[in-house]
Amino acid sequence: MSFLIYGASGFTGTLIVELAVKQGKKPVIAGRNEIKIKPLAEKHGLEYLIFDLNNQENIVKQLKKFPLVLNCAGPFTRTAQPLIEGCLTTQTHYLDITGEIEVFELVKSYHQKALASKIVLMPGVGFDVVPTDCMAKLLHTKLPDATHLELAFTNVGGSVSHGTMTTMLENLGNTGAARENGVIVPKPMGDKGKIIDFGKFKHFAMTIPWGDVSTAYHTTGIPNIETYVGVPKLAYWSMKLQFLFNPILRSRFIKKQLQNYVDKKITGPTEHQSQKGQSFIWGKATNTEGKTVEARLVTPEGYKLTAEASLLITQKILDLKNVAGYQTPAGLFGYELVTEINGVNFEKEPR
């Protein structure tokens, strides 16, 4: 049976569709806007569906034809729940490419219902959070009694898509997050900053609420987790003042003005940027005795990796038997999962 890609006409969704066709797959594609979906379907000779996520009965009607749906329609705070509710009824596996902590926690809350429906729920099957989740699993394998985990990434080349920017705007003015003693706690955005050795270079990085604050705990059980992204130091110091502007940044008027700019100006990385861009992942685990293990991972540009990873995991889920419930990528498939993607390698084994 085929599978469904919802939100197929977005930047990342289109990349996934194009790669799926190159791989000989025949997904059915779907979205809300026929003006965008139909040309994409015709270009690749695919079937398509048009439906929004406002009518649960209609969602069920559309999903019951498929064993799996890959949700590429962000912000996932709006789209995950209605699709998951439909998937529970139709016994359709649910995957998405989110990186939002609250979405991971939401999906996890459906674990028991997913077990009863015999379906897999796996959010975060793209750059968010496959490489960092695999890094977390590797470090925990090497240091099983780790109590603290730090994960970081930085990008060289590439750009940002319209969907990613829209999600960022959704969260504008919100706080950061970390995990302390097993509990997710709010933190100021950019609460900590430091120089990180990514292998080929060193780069300043600051803490952000990356999805691994949720997922790495599920994958490893490590109770204290911080996640970092490489940024210019100026951005870090600017974040220190963000709390002064958070009420303004959260206002609907400001977000609407910024969204209008994004709609007009942000399209995503060019083909050249996607081919030349790279992402660098770093991780360190520490136990109570102060012993540490550290490793680095190099991957293709984030959107390219998302297309590769999401389709790889889609096929694996379709091939699985007798697995259900909420799952994380490395939790289910092991840290080697990410190395099945072309251009990915652990630069240095943990030491």
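I started with K43, which has 60% relative accessibility and therefore counts as exposed. I keep in mind that this model is predicted.

**K43 and its partner**
I looked for a charged partner and found E18, in a salt bridge with K43 whose closest N and O atoms are 3.8 Å apart. K43 sits in helix α2 (residues 34-44) and E18 in helix α1 (residues 11-22), so the pair ties together parts 25 residues apart in sequence. E18 comes out at 26% relative accessibility, so I logged E18 as partly exposed.

**Other salt bridges**
I searched the whole structure and got ten salt bridges. I picked out R179 and E105, whose side chains meet at 3.9 Å, N to O. R179 belongs to strand β8 (residues 176-180) and E105 to helix α5 (residues 101-108); this pair links distant parts of the chain, 74 residues apart. Is R179 buried or exposed? R179 is buried, because its relative accessible area is 4% and the cut-off for buried is under 20%. E105 has 30% and is partly exposed. I then traced shared partners: E105, K108 and R179 join into one network of salt bridges.

I also checked R296 and E294, which form a salt bridge at 3.0 Å, N to O. Both R296 and E294 are buried.

**Nonpolar cores**
I turned to the nonpolar side chains. The largest core holds 89 residues, and L4, L149 and I313 have the most contacts inside it. Apart from that core lies another, of eight residues, including A152, F198, A205 and V298. Which residues does I313 touch, leaving out those up to four places away in sequence? I noted L95, M122, V125, V130, P329, F333 and L337.

Note on methods. Residues are numbered from 1 along each chain as its sequence is written. This is a predicted model: local features need pLDDT of at least 70, side-chain atom pairs count only at pLDDT 80 or more; totals for chains, interfaces and linings use all residues. Side-chain values use heavy atoms; hydrogens and water are left out. A nonpolar core is a set of buried Ala, Val, Leu, Ile, Met, Phe, Trp, Tyr and Cys residues joined through side-chain atoms within 4.5 Å. Buried means under 20% relative accessible area, exposed over 50%, partly exposed in between (1.4 Å probe, protein chains only). Contact means heavy atoms within 4.5 Å. A salt bridge is a side-chain nitrogen of Lys or Arg within 4 Å of a carboxyl oxygen of Asp or Glu. Helices (H or I, at least four residues) and strands (E, at least two) are DSSP runs, numbered from the N terminus.
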